[in-house]
Amino acid sequence: MSKPNIATLGELKKSGYTSRSIKDELRTNLLKNIKNGVRSFEGIHGYEYTVIPELERAILSKHNINLLGLRGQAKTRLARLMVQLLDEWVPVVEGSELNDDPLKPLSRYAKELIAEKGDDTPIIWLHRDDRFAEKLATPDVTVADLIGDVDPIKAANLKLSYADDRVIHFGMIPRANRCIFVINELPDLQARIQVALFNILQEGDIQIRGFKLRLPLDLQFVFTANPEDYTNRGSIVTPLKDRIGSQILTHYPENIEIARTITQQEAKRDERSEDSIYVPSLAKDLLEQISFEARNSEYIDAKSGVSARMSITAYENLLSTAERRALIAGDEQTMVRLGDFMGMIPAITGKVELVYEGEQEGAANVAQTLIGDAIKTLFITYFPEIKKLEKQSEKSPYDDIVSWFFDQTDFRLLDDLSETEYKKTLDSITPLEELINTQLPDLDLKDKYFMKEFVLWALVEYKKLSKYRLSDGIRFNDVYGSYIKGL
């Protein structure tokens, strides 16, 4: 809808416009979406049957909301998407600091202007995209930042007494009147600052330096909080929690399919890399499985969580590793290799909080362990399980591959091999080709080479082969043969 061309209070009255609170706007527009089958939170995946229904119920109940969850669970994204439930345009008294509704003026300025000009009072129209305010709660936030303070310069310039309410400089919350106001990481806000929010949430007045102003602010509050903060840095004071209508628990993706959808949606991919780099489906699954392994790892602090941003940045690093390798080798087209996963270790180490045991292992070693654990988890969905203990006479589908490596002296997969050399190197392992043809006869040819490398890495994880990281690649050997031959 284009911006209305109504410019005065008189024209607004004649148009039949009726005022309604921001919570009524959200409720009415949400009801319309539900009735028409329109998704209100487009781009949010995995919350269809958990978080979103609870959030919609809270909006219908006209509650202030607290989104409680670990980092990287789309809490702020949900709050920002609520803007789409607002009316597209709302009228505001021109020049008002507090986004005054012309039919229900709030500030002294708006009331005096309407008293002076009546129906000729000029109005402007505010788009819903401009009706969102956000503040990150940090220990240095003050009451003056959020609520307001007396401005001595304004008092001097206007020659006003400090007893005159016109000397007040309003803070972020009053200036966000008729908006959605988000306070991120609420527990990090000092307790005395949280107390300053009591009256705004419940009674609708604000208190600034002895002034008690009856300002029934029209706000939709959304708070976000991390459960870790309740114990490590701060907490939400009980009376404030009591004034928040609904507390909604967020969570991480429940399966790989959802996680993949989120990563593909959020990752920044250059158009050129999309055309020149092929990413096998298994590679995408493996990338997401690493996050699932991290959330259950004994080396990583579970209370801190593992953000969905880890998968997103790791995927971007994975593509960049493949792109750089292709440029060095002179290949115009390439596919992601399992060896490229080493290039995303910096994205993993920067996104996890290690416990003491993890610090002892080292961040890079923990990242490599996570990759190995993810390979083991996914391997049994494609191939027969490798048992820890096998009878000597029992034939395993992997015996021929292990025997092939026993006869080799030096099998290497170098990082910067060209596509032709890479395929030729893997094709030289004849039993590996036979295994994949037998177990996965319908496998797409484009995915076959990643799958071959996947089998080799899995055999290493199951102690059937050994793997050594070289400066320019990886060397695979038979576990026992390497000792016999002195490698």
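# A walk through the predicted model

Gln247 is partly exposed, with a relative accessible area of 42% (buried means under 20% relative accessible area, exposed over 50%, partly exposed in between, with a 1.4 Å probe and protein chains only). This residue sits in strand β11, which covers residues 246–249. From Gln247 to Glu357 there are 110 residues in sequence, and 34 Å in space from C-alpha to C-alpha.

The coordinates are those of a predicted model, in which local features need pLDDT of at least 70 and side-chain atom pairs count only at pLDDT 80 or more, while totals for chains, interfaces and linings use all residues. Residues are numbered from 1 along each chain as its sequence is written, and side-chain values use heavy atoms, with hydrogens and water left out.

The confidence of the predictor comes next. Mean pLDDT over the protein is 89, and 92% of the residues score at least 70 (pLDDT is the predictor's confidence in each residue, from 0 to 100). Among the elements, the highest mean, 97, belongs to helix α3, residues 51–60. The lowest mean, 52, is that of helix α24, residues 481–484. Where pLDDT is low, the predicted coordinates should not be read in detail.

As for the overall layout, the protein has 24 helices and 16 strands (DSSP runs numbered from the N terminus, with H or I over at least four residues for helices and E over at least two for strands). The radius of gyration is 30 Å, well over the 23 Å that the globule rule gives for 487 residues, so the protein is more spread out than a compact globule. The radius is taken over C-alpha atoms, and the rule is 2.2 Å times the number of residues to the power 0.38. Along the principal axes, the C-alpha trace spans about 95 × 45 × 40 Å.

Of the 487 residues, 51% count as buried. The accessible surface comes to about 24000 Å², and carbon and sulfur atoms account for 49% of that surface (Shrake-Rupley method, 1.4 Å probe). Among contacts between residues at least 6 apart in sequence, 75% join residues at least 24 apart (contact means heavy atoms within 4.5 Å). The protein carries 63 positive and 77 negative charges, and their mean positions are 5 Å apart. Lys and Arg count as positive and Asp and Glu as negative, with His and the chain ends not counted; each charge is placed at NZ of Lys, CZ of Arg, CG of Asp or CD of Glu.

Ala74, which is not a glycine, has a positive phi near 65 degrees. Ala74 is placed in the loop between β1 (65–68) and α4 (75–81), and counts as partly exposed at 30% relative accessibility. Glu185 also is not a glycine, and its phi is positive at about 55 degrees. The loop that holds Glu185 runs between β7 (180–184) and α9 (191–195); at 23% relative accessibility, Glu185 counts as partly exposed.

Leu197 is found in the loop between α9 and α10 (198–202). With a relative accessible area of 0%, Leu197 is buried. Which residues does Leu197 contact, leaving aside its neighbours within four places in sequence? They are Ile173, Ile183, Leu189, Phe223 and Leu240. Glu353, by contrast, is 156 residues from Leu197 in sequence and 32 Å from it in space, C-alpha to C-alpha.

Two helix residues complete the tour. Leu327 belongs to helix α16, residues 308–329, and is exposed, with a relative accessible area of 68%. Leu327 and Asp416 are 89 residues apart in sequence, and their C-alpha atoms are 9.4 Å apart in space. Thr349 is part of helix α17, residues 345–349, and at 28% relative accessibility counts as partly exposed. Neighbours within four places in sequence aside, Thr349 is in contact with Ala363, Ala364 and Ala367. Between Thr349 and Trp89 there are 260 residues in sequence and 45 Å in space, C-alpha to C-alpha.
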